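Dear colleague,

Please find below the structure that I am handing over to you. I would be grateful if you could read the notes that follow alongside it.

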Amino acid sequence: MTFEEIKNLDEQYVMHSYGRFPVAIDHGRGATLWDVNGREYIDFTSGIGVTSLGHADEGWLKAVADQAGKLAHISNLFYTAPYALAAQALCTRTGMANVMFANSGAEGNEAMIKLARKWSFDKYGKGRGTVITLHNSFHGRTITTLAATGQDKFHNYFFPFTEGFRYADANDLDSVEAVAGHDVCAVMMELVQGEGGVLPLEQEFVQKVADLCAKRDWLLLIDEVQTGVGRTGTLFAFQQYNIQPDVVSFAKGIAGGLPFGGVMANEKCKAVFSPGTHGTTFGGNPIAAAAACHVLERLDDVFLAQVREKGAYLRAQVEEMNLPCLGKTRGLGLMIGIEVKGDKSNQELAAKLIENGLLVLTAGPGLRFLPPLTITQEEMDKGLAILRETLS
Ligand SMILES: *Cc1c(COP(=O)(O)O)cnc(C)c1O
């Protein structure tokens, strides 16, 4: 099919909930993609942080194909090896106690919020279901995770939203204490605010929030949907913050491109969900779970050190270019935000870069790079050359 044919069908038959860029991607390999006209692109997006091993990775493909040839789906009323093995890999690598799988980040966060409320209900009874989240956060697109998202622009149209959320400012402990109360059961946050603009929280703030949670018997809920699975240069970002969260959600990169996500709980929270209290038809799907096992196996210490090196390289190169429209970079590992200055918006810059063969994302008012964690030196340099030529 030609680009025009695909676009026409999409315009006619697809709900216009996205303003798409005028490109139809056909296939990829590593961090390189080709559109339906055979044009090449360097991928600094991984979808949105999803294809952690790049496109059409051989090991991933084999893990997926082998499992698809054995068993694509069975309900959660039965045991499967991929589910158990993926859960074991997550727990042994993080010190968490157990896992429940879902299909997306929003579902992982829904599970995390439900778990926190039930934990508190079991211990204290009704009236303690409020979760404190941060301004500028992003937690998903369901009615409840929109309510959890601390940005006013997401609290529109879909009234009534789920009650029981209050918002505090990032890196400001007083602001967290100001919204405390007897109705609070948990604090939920991203350690690097992703959609909000790639804003890493300060170590000291995060540790003080963890202390406050311990003192008030609140659960510490960490949304690692974007930061997790090697993206920040450790398996999970919380491992760089010297905290022990009670519950951690994850999704995006976990299965290297297949819909997968979930929550991990510590000892204290491992028995909150009893049979019948939470469920999902697709969550823990054997193919996605087999893919997750493969992704986790690949993310060893050497691999993670390379993620940190590549992130440092990309940031140093971008800053060295000193482009008139770009400012400082920030982030952790291969989760990189770049300040946009001058009269062109981040959307305009992204559109121009994509037109010239480099896929990038925006976040908040800036640009965002989330390349496949396996991106090669050559691919990074090709992408950087397009960046320099397009924006200088
Ligand atoms: C993407 C994202 C979500 C939502 O994930 P979906 O898979 O789109 O539901 C939630 N939290 C964070 C931090 C995210 O980046």
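The notes below cover the ligand site, a pocket and a cavity.

This is a predicted model, in which local features need pLDDT of at least 70 and side-chain atom pairs count only at pLDDT 80 or more, while totals for chains, interfaces and linings use all residues. Residues are numbered from 1 along each chain as its sequence is written, and side-chain values use heavy atoms, with hydrogens and water left out.

Ligand site

Around the ligand (a heavy atom within 4 Å) are Ser-104, Gly-105, Ala-106, Asn-109, Phe-138, His-139, Gly-140, Glu-190, Asp-223, Val-225, Gln-226 and Lys-252. By class, the shell has three nonpolar, six polar and three charged residues. Polar contacts (N or O pairs within 3.5 Å) include one of 2.6 Å between a ligand oxygen and a side-chain N or O atom of Lys-252. A polar backbone atom of Gly-105 lies 2.8 Å from an oxygen atom of the ligand, and a backbone N or O atom of Phe-138 is 3.3 Å from a ligand nitrogen. The protein covers 82% of the 380 Å² of accessible area that the ligand has on its own (Shrake-Rupley method, 1.4 Å probe).

Second largest pocket

The volume of the second largest pocket is about 420 Å³. A pocket is an open set of points on a 1 Å grid over the protein atoms alone, with protein on both sides within 12 Å along at least five of seven lines; lining residues have an atom within 4 Å of a point. Of its 22 lining residues, Tyr-83, Val-99, Met-100, Phe-273 and His-278 are the closest to the centre. Strand E4 (98–102) gives the most to this lining, with four residues. The lining divides into 12 nonpolar, nine polar and one charged.

Cavity

One cavity of 30 Å³ or more is found in the whole structure; a cavity is a set of grid points where a 1.4 Å probe fits but cannot get out. The largest cavity holds about 40 Å³ of space, and its lining consists of Gly-49, Ser-52, Gln-226, Gly-228, Val-229, Arg-231, Gly-253 and Leu-373. Ser-52 lies in the loop between helix H2 (46–49) and helix H3 (58–70). Ser-52 counts as buried (under 20% relative accessible area) because its relative accessibility is 1%. A polar side-chain atom of Ser-52 is 2.8 Å from the backbone oxygen of Gly-253.

Yours sincerely

Terms used: A polar contact is a pair of N or O atoms within 3.5 Å; within protein, one must be able to donate a hydrogen and the other to accept it, and residues adjacent in sequence count only if both atoms are side-chain atoms. Ala, Val, Leu, Ile, Met, Phe, Trp, Tyr, Cys and Pro count as nonpolar, Asp, Glu, Lys and Arg as charged, and the others, Gly among them, as polar. Grid points are joined across faces, edges and corners, and a volume is the space filled by probe spheres set on the points. Helices (H or I, at least four residues) and strands (E, at least two) are DSSP runs, numbered from the N terminus. Buried means under 20% relative accessible area, exposed over 50%, partly exposed in between (1.4 Å probe, protein chains only).
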